[in-house]
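Hello,

Here is the structure I promised to pass on. Please open it first, then read my notes below.

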Amino acid sequence: MATTAAPSVAGRFGPWGGRYVPETLVAALDELEQAYAEAQADPDFHVKLDALLRDYAGRPTPLYHAARLSESLGGARIYLKREDLLHTGAHKINNCLGQALLAVRMGKRRIIAETGAGQHGVATATVCALFGLECVVYMGEEDMRRQELNVYRMRLLGAEVRGVSSGSRTLKDAINEAMRDWVTNVRTTHYLLGSVLGAHPYPTMVRDFHRVISREARAQIIEKEGRLPTAIIACVGGGSNAIGVFYEFIPDKEVRLIGVEAGGRSPKLGEHAARFSGGAPGVLQGTYSYVLQDEDGQIALTHSVSAGLDYASIGPEHAALHDSGRAEYTSATDAEALDATLRLARTEGIIPALESAHAVAECIRLAPKLKPQEILLVNISGRGDKDMGILTRELKLTGA
Ligand SMILES: *Cc1c(COP(=O)(O)O)cnc(C)c1O
């Protein structure tokens with residue numbers, strides 16, 4: 001969170017993004033930017049990454065026509081992009097494989113990451129095991145207590161999980177510790193960031209590793225329907241699955257792009273994570289974007305039933321897409337996400353991650369307003385297995 005040095009001009013999305021980091025990290029970010037540019041231009045890098053995405057992660061993911069959900073809503077034809085079927089259960093593996101391959105290329109054999117709910121920590125620990133890299137994951141002690149199973153998963157995969165006992169003992173404290181580690185060990189260590197956040201080049205690089213989602217989805221919908229969808233819907237935490245499924249459609253002006261933030265319990269500050277309705281310009285984790293904060297500029301507490309959307313800032317490219325009006329942003333409450341989970345489970349036999357359920361909730365609101373020949377494409381960013389603890393508490397099911 002340290003915000004000392006001036007941002008470089010590179011890596012701006014309009015006024016957003018940039019680099020707000022301590023002086024000591026500027027050289028490391030330059031090195032990363034350079035290495036990434038070289039990797040992007042190297043066909044061998046793409047051959048390796050594509051092979052891993054296919055054989056290890058399970059790409060391409062299907063684009064599935066949800067006929068019963070569509071029929072029950074009585075409007076648009078609904079298609080689901082099934083990122084939930086990937087190895088480790090969510091889209092996060094796309095980015096982790098890309099960055100791990102890059103770290104190896106840079107000769108960095110030590111990986112650090114920070115994690116809130118543990119999903120990014122698990123995906124990071126997974127790729128470190130795959131590449132034989134040392135892995136240290138910072139996690140707030142409060143989060144470790146709440147996400148015991150993911151802590152165990154990371155350790156089983158060979159990662160060291162370092163509990164952070166400062167501050168609120170949650171994600172923002174883990175971010176501070178990870179930053180401190182990186183400053184100290186920058187020569188040997190790659191910081192594997194989990195969303196389209198952080199200082200340049202992270203938001204651009206992480207976006208590129210997730211672009212495969214829309215590259216596939218665009219070809220798949222054209223193959224199945226011979227035309228483009230009316231709208232694409234994705235949940236937005238940091239914004240990586242959303243930018244991944246939006247990106248290749250950005251030039252298709254007739255396609256609406258709809259991001260869904262966490263409406264949480266209420267619109268009161270502290271009870272949600274809807275940055276575009278409740279946030280203001282600010283810096284968090286090295287990047288300038290919309291941030292939920294109090295009058296003094298202190299990072300606000302956030303809440304969402306889905307840990308992956310429970311973050312005070314949003315990727316800077318989304319800030320630009322929001323301002324230009326190219327993408328629209330709305331929110332779904334905890335209650336709407338829980339209802340959407342139940343509805344998708346019972347109409348299609350698919351239990352979405354609670355994050356993805358926010359996108360499904362918007363689909364449930366929008367589909368009945370559209371004509372039967374219109375198409376909605378919903379990104380199912382992950383599967384719900386990880387959420388069974390929360391679901392058993394929040395959704396009381398009785399009888400058959
Ligand atoms: C982490 C996570 C998210 C939120 O992250 P984005 O960067 O906004 O995509 C969404 N869905 C699932 C399943 C996740 O694990």
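P60 sits in the loop that links α2 (43-57) to β3 (63-65). The peptide bond from R59 to P60 is cis, and its omega is near -5°. Keep in mind that this is a predicted model.

One more backbone detail is worth a look. T88 is not a glycine, yet its phi is positive, near 75°. You will find T88 in the loop between β4 (77-82) and α4.

Now the helices. I looked at two pairs.

Start with α4 (residues 92-105) and α5 (residues 119-131). Their axes come within 9 Å and cross at roughly 45°. That angle makes α4 oblique to α5. The crossing of α4 past α5 is right-handed.

Next, take α1 (residues 26-40) and α9 (residues 202-210). Here the axes come within 11 Å, and the crossing angle is roughly 30°. Why do α1 and α9 count as roughly parallel? Angles under 35 degrees fall in that class, so α1 and α9 belong there. The crossing of α1 and α9 is left-handed.

Last, the ligand. Which residues come nearest to the ligand? There are 16 residues around it, and K92, S195, G237, S240 and S381 come nearest. By type, the shell around the ligand holds four nonpolar, 10 polar and two charged residues.

- G238: a backbone N or O atom lies 3.2 Å from an oxygen of the ligand.
- N241: here the side chain takes part, with an N or O atom 2.8 Å from a ligand oxygen.

How much of the ligand's accessible area does the protein cover? On its own, the ligand has 380 Å² of accessible area, and the protein covers 96% of that.

Best wishes

Notes: Residues are numbered from 1 along each chain as its sequence is written. This is a predicted model: local features need pLDDT of at least 70, side-chain atom pairs count only at pLDDT 80 or more; totals for chains, interfaces and linings use all residues. Side-chain values use heavy atoms; hydrogens and water are left out. A residue is near a molecule or strand if one of its heavy atoms lies within 4 Å of it. A polar contact is a pair of N or O atoms within 3.5 Å; within protein, one must be able to donate a hydrogen and the other to accept it, and residues adjacent in sequence count only if both atoms are side-chain atoms. Accessible areas come from the Shrake-Rupley method with a 1.4 Å probe; for residues, only the protein chains shown count as cover. Ala, Val, Leu, Ile, Met, Phe, Trp, Tyr, Cys and Pro count as nonpolar, Asp, Glu, Lys and Arg as charged, and the others, Gly among them, as polar. Axes are lines fitted to C-alpha atoms, for helices over the stretch in contact, and angles run from 0 to 180 degrees between N-to-C directions. Helices (H or I, at least four residues) and strands (E, at least two) are DSSP runs, numbered from the N terminus. Angles under 35 degrees count as roughly parallel, over 145 as roughly antiparallel, 65 to 115 as roughly perpendicular and the rest as oblique. A crossing is left-handed if the near helix is turned anticlockwise from the far one by less than a right angle, and right-handed if clockwise.
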